Amino acid sequence: MNAVLTIAQTTFREALRRRVLNIILVFAVVSIGASRLFSWLSPGEEIKFILDMCSNSIRFFSMLIAVLLGASMIPTEIERRTIFSILSKPVGRTQFMLGKYLGALLTLLVNVAIMSALFLLVLFFKDKDRGYLLNPTLWKGILLVLVEVGVLLAIAVAVSTVASTAFNVVFSFFVYFTGQMGGVFKELSAPTHVTSPAVRVLMGLIYNLLPHFENFDLRQPLLLGDPVPLVFMGKVIGGAVLYIGVVLAVGHLLFAQREF
């Protein structure tokens, strides 16, 4: 356990020094801060514009950080050959991979917290009656952003155990954007929409294997004022934790078979 925490701390410190991640964070901060300046584009619905733009910005830039960070951590260690000195110590591959994941997850937590704090600050000065600021759906949405990038990070880390950084980035982006269309694959797996059994089986397989990233997006219920039941939150978070565990287990199996 000490080895996992040490690797996690080292990964976190290294991530904070990575220029590209800091640049992405700066862009995110500017985008969120500028939301109030552009709110005039939606007369009478300025707050909803801010909610939509800021929520989109947090999800998008968090996704970028998760992909770029998760895709490069292990391949970079292999290219620099520093992984050999680490694994020569009493550190197993499972501990190494888990430490990398936890360190990157902590980095994402800090970044999401910074973006969310600015978002709440902008909303604080715009939402005079605090109706949206005190809305539980807003806070649930922020929580689900962190859970969402945790899932995406697990995928990126698992694939990075056997693939190059470039392939991992492309693959992670593909999984993320395809995972937003879970409803489409579900419909295509139904007999009422597709007559070919082979296509239905394929669509059903894709639907069940891909993470359903659309479930993490609470913008619509937030803007419409619809409540988000705790049962729904429990199902989404529980399913995400299970998915992360399975993906990291697959990553462990792949990493254990890899020869350097």
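In this predicted model, Ser31 is located in helix α2, which spans residues 19-34. With a relative accessible area of 18%, Ser31 counts as buried, because that term applies to residues under 20% relative accessible area. The side chain of Ser31 forms a polar contact with the side chain of Ser57, at 2.8 Å, and when residues up to four places away in sequence are left aside, Ser31 touches Met53, Ser57 and Phe61.

The largest nonpolar core of the model comprises 72 residues, within which Phe119, Phe213 and Phe216 have the most contacts. At least two residues of this core are supplied by each of the helices α1 (2-16), α2, α3 (46-79), α5 (93-126), α6 (136-160), α7 (165-179), α9 (197-209) and α11, and the largest share, 15 residues, comes from α3. In soluble globular proteins, nonpolar side chains tend to be buried together. Around Phe216, not counting residues up to four places away in sequence, the residues touched are Leu144, Val147, Glu148, Val151, Val236 and Ala240.

Nonpolar residues are also found on the surface, where Val162, Leu242, Val246, Val250 and Leu254 form a patch with about 420 Å² of accessible area together. One of these residues, Val246, lies in helix α11, which covers residues 230-257. Val246 has a relative accessible area of 47% and is therefore classed as partly exposed, since exposed residues are those over 50% and buried residues those under 20%.

How values were computed. Residues numbered from 1 in each chain as written. Predicted model: local features only at pLDDT ≥ 70, side-chain atom pairs only at ≥ 80, totals over all residues. Heavy atoms only, no water. Helix = DSSP H or I, 4+ residues; strand = E, 2+ residues; numbered from the N terminus. Buried < 20%, exposed > 50% of the residue type's maximum accessible area, 1.4 Å probe, protein only. Polar contact = N/O pair within 3.5 Å; in protein donor to acceptor, adjacent residues only side chain to side chain. Contact = heavy atoms within 4.5 Å. Patch = residues over 30% accessible without salt bridge, like charges linked within 9 Å, V, L, I, M, F, W, Y side chains within 5 Å. Areas by Shrake-Rupley, 256 points an atom, 1.4 Å probe, with all protein chains shown as cover. Salt bridge = Lys/Arg side-chain N within 4 Å of Asp/Glu carboxyl O. Core = buried A, V, L, I, M, F, W, Y, C linked by side-chain atoms within 4.5 Å.
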